[in-house]
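Welcome! Let's take a friendly walk through a protein chain, starting with one residue and then stepping back to look at the rest.

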Amino acid sequence: MDARPKTIYLPDTMIHWPWPRTVNPHLQDVKAQVDASFRDFKALSPESQEAFDKCDFALLTGLAYSNAPREYVQIGCDLMNFLFLVEEYTDFENEAVTKERVDIVLDALHNPHKIRPEGECILSEVARLFWVHALDCEQGRKRSIDDYLKLRRKTVGVKPCFLIYEMGMDFPDEVSYHPVITDLADCIAELTIIDNDMMSYNKEQAAGNEFHNLISIVMSELDFDIGSAMAWAAHYHAEVQKRFVDGLAKVPSWGPSVDVLVKEYLDGIANWARANHSWGYESQRYFSTKGLEIQQTRRIPLLPKVSAARTHLFLSAVPST
């Protein structure tokens, strides 16, 4: 008999976050243009394209860059689509396939004007440590909480999105690489990791991907049940929030003209945390059509385990190798 709980309680991690939900007024206009352009790549099967559309990554962009001009929102949409496409094309592949695709992307980076061979994987632009994740999947390796967070900080794909907040600012290196500024950015990346793993836990445990989710790793390492692991994650989330808010008081001054830009940048990345949290419920990425309901009730029906032959969003669109 299955002794697991029938529902999962998902704590509201952002209830005390000072930055409210806002959305960019250019979102719908940009979304129509970017979505049409993305379909021209023909990167996905019709079924996968439909599933991709339900994730509504443009919404995340509009929430994240709520005060940005139209052209920045368009760049953000393009970047977001690409980052999630890379993730879905590599998340469930073995080490060899992932390395091949990373090499293709790196080649495209080094040779931006080179015409890509016919039939090659559509991925291009940025590659990170996806082979590490793939190796974990293949071997079923279980990481410690610290090791897992170290890996996720490198693969979460948030930091490239922060560059859009800097556009037009031309910060000197002493600002961009100041330890207080970099730590504040690290805090927002950490909040994103925690929220994403809390929201994605249900579908990942059902798919057997528990070795790459913070909640499952906390359960394994600390011998917690689901509720206790969620509470641990919410408490850690609150600690990181406090680290960010306290860190704002430590930001040095570089003179009035620079300070106003630094504040704008920090408000931007702080809004990213709110945007990511809101998008998790308002899109269909994690909760299908039930996101807004779950956001109110905080209760998620526990999904049953599926067979070992796992599938993912773009399985039918990825050519066999």
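This is a predicted model: local features need pLDDT of at least 70, side-chain atom pairs count only at pLDDT 80 or more; totals for chains, interfaces and linings use all residues.

With which side chain does the side chain of Ser 66 make a polar contact? The partner is Thr 22, and the distance between the two side chains is 2.9 Å.

To find Ser 66, look in the loop that runs between α3 (57–64) and α4 (70–90). Is Ser 66 buried or exposed? Its relative accessible area is 9%, which is under the 20% cut-off, so Ser 66 counts as buried.

Leaving aside residues up to four places away in sequence, Ser 66 touches Thr 22, Val 23, Asn 24, Pro 25 and Asn 271. Leu 27 is 39 residues from Ser 66 along the chain, yet the C-alpha atoms of the two are separated by 8.7 Å.

## Where α3 meets α13

Asn 271, one of the residues that Ser 66 touches, also takes part in the contact between α3 and α13. The axes of α3 and helix α13 (residues 256–282) are 8 Å apart, and the two helices pack at an angle of about 150°. Their crossing is right-handed.

On the α3 side, the contact is made by Phe 57, Leu 59, Leu 60, Leu 63 and Ala 64. Among the residues that α13 brings are Gly 268, Trp 272, Ala 275 and Trp 279. How many of the contact residues are nonpolar, polar and charged? There are eight nonpolar residues, four polar ones and one charged.

## Helix α11, from end to end

Now move to helix α11 (residues 214–222), whose buried residues are Leu 214, Ile 215, Ser 216, Ile 217 and Val 218. These buried residues pack against α7 (145–155), α10 (179–207) and α12.

Asn 213 caps the N-terminal end of α11, with a side-chain oxygen 2.8 Å from the backbone nitrogen of Ile 215. After α11 comes Asp 223, which has a positive phi, near 60°.

Stepping back, the protein chain has 14 helices and two strands. Of its 321 residues, 49% are buried. Among contacts between residues at least 6 apart in sequence, 80% join residues at least 24 apart.

How about confidence? The chain has a mean pLDDT of 82, and 82% of its residues reach 70 or more. Which helix has the lowest confidence, and which the highest? Helix α6 (residues 130–139) is lowest, at a mean of 45, while helix α12 (residues 226–248) is highest, at 97. The pLDDT is below 50 over residues 124–135, a stretch with 37 contacts in the model beyond near neighbours in sequence. Residues 308–321 also have a pLDDT below 50, and that stretch has 33 such contacts.

Methods. Residues are numbered from 1 along each chain as its sequence is written. Side-chain values use heavy atoms; hydrogens and water are left out. Helices (H or I, at least four residues) and strands (E, at least two) are DSSP runs, numbered from the N terminus. Buried means under 20% relative accessible area, exposed over 50%, partly exposed in between (1.4 Å probe, protein chains only). A polar contact is a pair of N or O atoms within 3.5 Å; within protein, one must be able to donate a hydrogen and the other to accept it, and residues adjacent in sequence count only if both atoms are side-chain atoms. Contact means heavy atoms within 4.5 Å. pLDDT is the predictor's confidence in each residue, from 0 to 100. Axes are lines fitted to C-alpha atoms, for helices over the stretch in contact, and angles run from 0 to 180 degrees between N-to-C directions. A crossing is left-handed if the near helix is turned anticlockwise from the far one by less than a right angle, and right-handed if clockwise. Ala, Val, Leu, Ile, Met, Phe, Trp, Tyr, Cys and Pro count as nonpolar, Asp, Glu, Lys and Arg as charged, and the others, Gly among them, as polar.
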